[in-house]
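Here are my notes on the model, for you to read with the structure open.

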Amino acid sequence: MRLSRRGSRLSIVYSQHSFVVYALATQGLGARAIIMPAVKYGHDLEVMLAAIADDTRLMFVANPNNPTGTFIDGRTLEVFIARVPRHVAIVLDEAYTEYLSKDKCYDSIEWVRCYPNLLVSRTFSKAFGRAGLRVGFTIAQPEQTDLLNRLRQPFNVNSMARAAVIAALKDTAFLAKSAEINAAGYRRLTEAFDRLGLEYVLFDGNFVMVRVDNDTAEQRVNHALLKQDVIVRPVANYGLLPWLRVVIGLPEENEAFIAALEKSLAATA
Ligand SMILES: Cc1ncc(COP(=O)(O)O)c(C=O)c1O
C-alpha cells in the first residue's frame with residue numbers, strides 16, 4: 001500500500017478527544033490532520049467516513065478510547081471498516097481491549113484476514129502490567145508489516161523485554177486478575193461519584209473520566225488533589241477542561257483517591 005506520493009502531503013483522519021499520540025504522529029509526518037467532532041465523547045464513525053479526502057491515507061480509531069473510555073461495539077466497527085476505502089489504512093488501537101467484559105469482546109484478528117488495510121495495535125503497558133518495558137505489537141497482513149519493518153529501528157525491542165512479554169502472554173491468571181481488580185475498582189469509583197453527584201463517562205478501560213468542574217486558569221480540583229499527593233490526569237489538552245481522567249488503582253489507592261477527592265471538592269466549593 002502506498003502511503004504517500006513523493007513530495008505530496010497526506011491527510012490523516014481521527015476523532016476529537018481521541019488519544020493525543022495521533023495528533024503527534026500526524027505532526028511528525030508533516031501530514032494534514034482531519035479531526036472530526038466527537039459524539040457523546042466518542043468517535044462519530046459516519047462523520048469520519050465522510051471526512052476521507054483524496055489525500056487521506058490513514059485513520060486512527062481507538063477502541064476503547066483514551067481519555068474518554070468510550071467504546072464502539074464489534075458489529076458497528078466491522079461495518080465501518082468494510083466501508084473504508086482499501087487505500088486508506090486503519091489503525092485500530094486496542095490498548096485497553098483486555099479489560100473488556102466477555103459480552104463486549106469482538107475478534108478483530110479475524111477481520112485482519114479480510115481487510116488488508118486494517119492494522120490492529122495492542123500494548124503490554126495496560127492489563128499486562130508491563131508499561132516500563134515499552135513493548136506493543138501490531139497485527140496486520142504481511143504487506144503492511146513489511147512496510148512497518150522497513151521503518152522501525154532494528155532491534156527496537158531488547159531481549160529481556162521480549163522474554164518478559166512472552167511470559168506475560170502466557171500468564172493468563174495475571175491478566176484475569178488484572179481485569180477483575182479493574183472492574184471492582186471501577187464499581188468502587190463510580191459508586192463514590194454517584195454519591196458525590198459527579199457525572200462520569202461510562203467506560204471500558206482502566207480509567208474513568210469524571211466531571212469535577214475543574215476550572216479554567218487554576219484547575220483547582222486537580223491542584224487540591226496534587227497537594228494531597230494524588231496524581232490524576234487533567235484533560236484540558238483534549239478540550240475537556242472540566243474533567244479529570246482517573247486511573248483505577250489497587251483497592252487502597254482507590255480509597256485514598258476518593259478521600260482526597262472529597263476533601264478537594266469541599267476545599268474548592
Ligand atoms: C489509546 C492508547 N493507545 C496506545 C497507548 C500506548 O501505550 P504504550 O505506548 O505504553 O504501549 C496508550 C497509552 O496510554 C493509549 O491510551
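1. The protein has 9 helices and 9 strands, counted as DSSP runs numbered from the N terminus (helices are H or I, at least four residues; strands are E, at least two). Its radius of gyration is 20 Å, close to the 18 Å of the globule rule for 269 residues, so it is as compact as a globular protein of that length. That radius is taken over C-alpha atoms, and the rule is 2.2 Å times the number of residues to the power 0.38.

2. A word on the ground rules: this is a predicted model, where local features need pLDDT of at least 70 and side-chain atom pairs count only at pLDDT 80 or more, while totals for chains, interfaces and linings use all residues. Residues are numbered from 1 along each chain as its sequence is written.

3. Pairing here takes at least two bridges found by DSSP between two strands.

4. Look at S3 (residues 56–62) and S4 (residues 89–93): they run parallel and are joined by 5 bridges. Phenylalanine 60 has valine 91 in S4 as its bridge partner.

5. Which residues are around the ligand? They are Phe19, Ala62, Asn66, Asp93, Ala95, Thr123, Ser125, Ala131 and Gly136, each with its C-beta atom, placed from the backbone, within 6 Å of the ligand.
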